[in-house]
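Thanks for coming, everyone. Please have a look at the sequence and the fold on the screen, and then I will walk you through a few residues.

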Amino acid sequence: QVQLVESGGGLVQTGGSLRLSCAASGSIFRDNTMGWYRQVPGKQRELVTTINSVGVTAYADSVKGRFTISRDNAKNTVSLQMTSLKPEDAAVYYCHALARTTPFAPRLDYWGQGTQVTVSS
């Protein structure tokens with residue numbers, strides 16, 4: 001099993017910055033993709049950004065140039081640096097991992113419990 005624990009959410013003013021972190025524990029093989037999704041009430045969860053095990057990143061158009069994802073493979077952590085925050089960035093942010101627990105196991109989806117980001121105007 002893989003457990004993901006987020007931290008770092010909170011309240012920030014428009015234009016401000018916030019950093020989210022996610023620590024993965026359990027039996028997680030190094031060949032994995034981690035990322036962040038977000039969800040607001042009444043809407044589907046949407047992809048924000050991903051990073052694979054060799055550091056290749058992808059971003060939603062809405063956050064390009066403002067958000068930066070990074071990871072520390074040795075510590076099994078992934079972080080999301082958010083800058084120039086807008087009210088529309090407010091959501092519950094979920095850490096996600098697409099990972100296998102052994103070299104021959106299928107890759108499965110794992111989710112954190114979510115952390116609230118509130119952006120005041």
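Start with a side-chain pair. Asn32 and Arg71 make a polar contact through their side chains, at 2.7 Å. A polar contact here is a pair of N or O atoms within 3.5 Å; within protein, one must be able to donate a hydrogen and the other to accept it, and residues adjacent in sequence count only if both atoms are side-chain atoms.

A word on the source. This is a predicted model, where local features need pLDDT of at least 70, side-chain atom pairs count only at pLDDT 80 or more, and totals for chains, interfaces and linings use all residues. Residues are numbered from 1 along each chain as its sequence is written, and side-chain values use heavy atoms, with hydrogens and water left out.

Back to Asn32. Where is Asn32 found? In the loop between β3 (18-26) and β4 (33-39). Strands are DSSP runs of E, at least two residues, and helices are runs of H or I, at least four, all numbered from the N terminus. Is Asn32 buried or exposed? Asn32 is buried, because its relative accessible area is 1%. The cut-offs: buried is under 20%, exposed is over 50%, partly exposed is in between, with a 1.4 Å probe and protein chains only. Beyond its neighbours within four places in sequence, Asn32 is in contact with Ile51, Asn52, Ser53, Arg71, Leu98, Ala99 and Arg107. Contact means heavy atoms within 4.5 Å.

Next, backbone angles. Most residues other than glycine have a negative phi. Asn76 is not a glycine, yet its phi is positive, about 55°. Asn76 sits in the loop between β7 (67-72) and β8 (77-82). With a relative accessible area of 22%, Asn76 is partly exposed. Ser84 also has a positive phi, about 50°, and is not a glycine. Ser84 is in the loop between β8 and β9 (91-99). Its relative accessible area is 40%, so Ser84 counts as partly exposed.

Now into the strands. Ser79 is in β8. Ser79 counts as buried because its relative accessibility is 11%.

Leu18 lies in β3. At 15% relative accessibility, Leu18 is buried too. Which residue is 99 residues away from Leu18 along the chain, with C-alpha atoms separated by 8.5 Å? That is Val117. Val117 is also among the contacts of Leu18, leaving aside neighbours within four places, and so are Gly8, Leu80, Met82 and Leu85.

Finally, the whole chain. How many helices and strands are there? The count is 0 helices and 11 strands. Of the contacts with a separation of 6 or more, 55% join residues 24 or more positions apart. Buried residues make up 39% of the 121 residues. The C-alpha atoms fill a box of roughly 50 × 25 × 20 Å along the principal axes.

Last, charge. The chain has 12 positive and 8 negative side chains, and the centres of the two sets lie 3 Å apart. Lys and Arg count as positive, Asp and Glu as negative; His and the chain ends are not counted. Each charge is placed at NZ of Lys, CZ of Arg, CG of Asp or CD of Glu.
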